[in-house]
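Here is a friendly briefing to read with the coordinates open beside you. It goes topic by topic, with the cut-offs given along the way.

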Amino acid sequence: MTPALIPELPAGVQLLYLAEGGANIVYRMLLPSVDIAASSEIAPTAIDEPGPAALLEGKLLRLRKDVKYGIPYEKTARNFDSKVRPLFKPEELVDQTLVRLPAGLVHRCNEQLRANERKGKRPAKRHGVYLSTTEHFGLLITDMTDANDLRTTVAEFKPKWLIQSPSAPSNAKRCRTCALREMKNHKALQAGCKEERSFCPLDLVSDKMEDVLRAVRFIKGCSDPHRLARALYRNRTLLKLREYQRKWNDVGLVRHPAHSSEMSFAMTLRDCTMFIKMPPDENQPVEVRLGDLDLKSAAGGKAQYWLDIENQLIQEGWYTGEKSCQSHNECALQGARREPRPEPRPLW
């Protein structure tokens, strides 16, 4: 999108803090016509134009933090438009649109973040890191929350590795995700922390409904496992993601150069998030979209970290289940649970 065509966020919009990760903060947006007297967030100014409502409808605003190796949003948007958008249908993606920020907005947001820290309203692990004051753009993204409709159910999960790592041992009894989780759980227990239980991603793309149902028990926001399993069973978007992971499969120890765009994109396809929005009426369609598809940076030692993890999983026997702490596991490759099965062909 050329600079002249980039829309500008209305100066009077009110931003309400919704959530944040390591590199971004997500806000809900309200126009001044909404009653916000009880809110302590950024104060609005008057807007009379009809345009802003259409621009913001069904969207959230994502702003970039000032973190090392953060990628400017203009580059993020170009990568999304050139690499991600052509691979999926519009309805399969959490869309993102570059938007110009009005002067002073980021400064006011940062002041609010500091105030929330003093009041204990911001997660402690996020303290001290604020929005980038050199970033002049934000990203409007598809709103995949319940939008305060408590009847709507929103589930989310990371599909991660829907196929096995190409450098895993031939006698592996764990897929890449399950092997890594067991290694992390072992370290957590040694440190006196709780272990994490989760699904095997190979179950999500199984041709057996019972496998998908087994997986969804662990998915965040899953209040109706059977309905969620029906939405994910042989889901075209999920199967398409698996095929793209297979296509961009030079990962693990057999891989592209660490800092290549191919390597970054391959890891991006293995670290996205799937969002499922289920309306209260079961006759209404379920919305399934992929998000978090920003190109992963291999800078700052990240590429070496990927390599070190793979070596550790292989050399310490986490793939093959050789550790004494490894017993029953959710992994589809564990022989004691069931025999491995051939992967089904895609549906499109």
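Cys331 is buried, because its relative accessible area is 0%, where buried means under 20%, exposed over 50% and partly exposed in between, using a 1.4 Å probe and protein chains only. This is a predicted model, in which local features need pLDDT of at least 70 and side-chain atom pairs count only at pLDDT 80 or more, while totals for chains, interfaces and linings use all residues. Residues are numbered from 1 along each chain as its sequence is written, and side-chain values use heavy atoms, with hydrogens and water left out.

**Cysteines**

- A disulfide is a covalent bond between the sulfur atoms of two cysteines; the criterion used here is a pair of cysteine sulfur atoms within 2.5 Å.
- By that rule, the count is zero disulfides.
- Cys175 is in no disulfide, and its nearest cysteine sulfur, that of Cys178, lies 3.6 Å away.
- With a relative accessibility of 1%, Cys175 counts as buried.
- Cys331 is in no disulfide either: the nearest cysteine sulfur, again that of Cys178, is 3.9 Å away.

**The five-stranded sheet**

- Helices (H or I, at least four residues) and strands (E, at least two) are DSSP runs numbered from the N terminus, and two strands pair if DSSP finds at least two bridges between them.
- Five strands form an open sheet in the order β1-β2-β3-β5-β4, and the pairing is antiparallel.
- At the edges are β1 (14–20) and β4 (96–100), each of which pairs on one side only.
- From one strand to the next, the twist averages 35°; axes are lines fitted to C-alpha atoms, for helices over the stretch in contact, and angles run from 0 to 180 degrees between N-to-C directions.
- Helix α2 (residues 73–84) packs on this sheet and touches β2 (24–30), β3 (59–64), β4 and β5, contact meaning heavy atoms within 4.5 Å.
- The direction of α2 makes about 150° with that of β4.

**Strand pairs**

- β1 and β2 form a hairpin with three residues between them.
- These two strands pair in the antiparallel sense over six bridges, and Ala19 stands opposite Val26 in β2.
- β4 pairs with β5 (residues 137–142) in the antiparallel sense over five bridges.
- Arg100 stands opposite Phe137 in β5.

**Salt bridges**

- The model has 23 salt bridges, each being a side-chain nitrogen of Lys or Arg within 4 Å of a carboxyl oxygen of Asp or Glu.
- One of them joins the side chains of Arg122 and Glu20, at 2.9 Å from N to O.
- That pair links distant parts of the chain, since Arg122 is in the loop between α3 (105–118) and β5 and Glu20 is in strand β1, 102 residues apart.
- Both Arg122 and Glu20 are buried.
- A network of salt bridges links Glu20, Lys65, Glu117 and Arg122.
- Arg28 and Asp143 meet through their side chains in a salt bridge of 3.0 Å, N to O.
- Here too the pair links distant parts of the chain: Arg28 sits in strand β2 and Asp143 in the loop between β5 and β6 (153–157), 115 residues apart.
- Arg28 is buried, with a relative accessible area of 15%, and Asp143 counts as buried at 11% relative accessibility.
- Arg174 forms a salt bridge with Glu182, with their closest N and O atoms 3.0 Å apart.
- Arg174 is buried, its relative accessible area being 2%, and Glu182 counts as buried at 11% relative accessibility.
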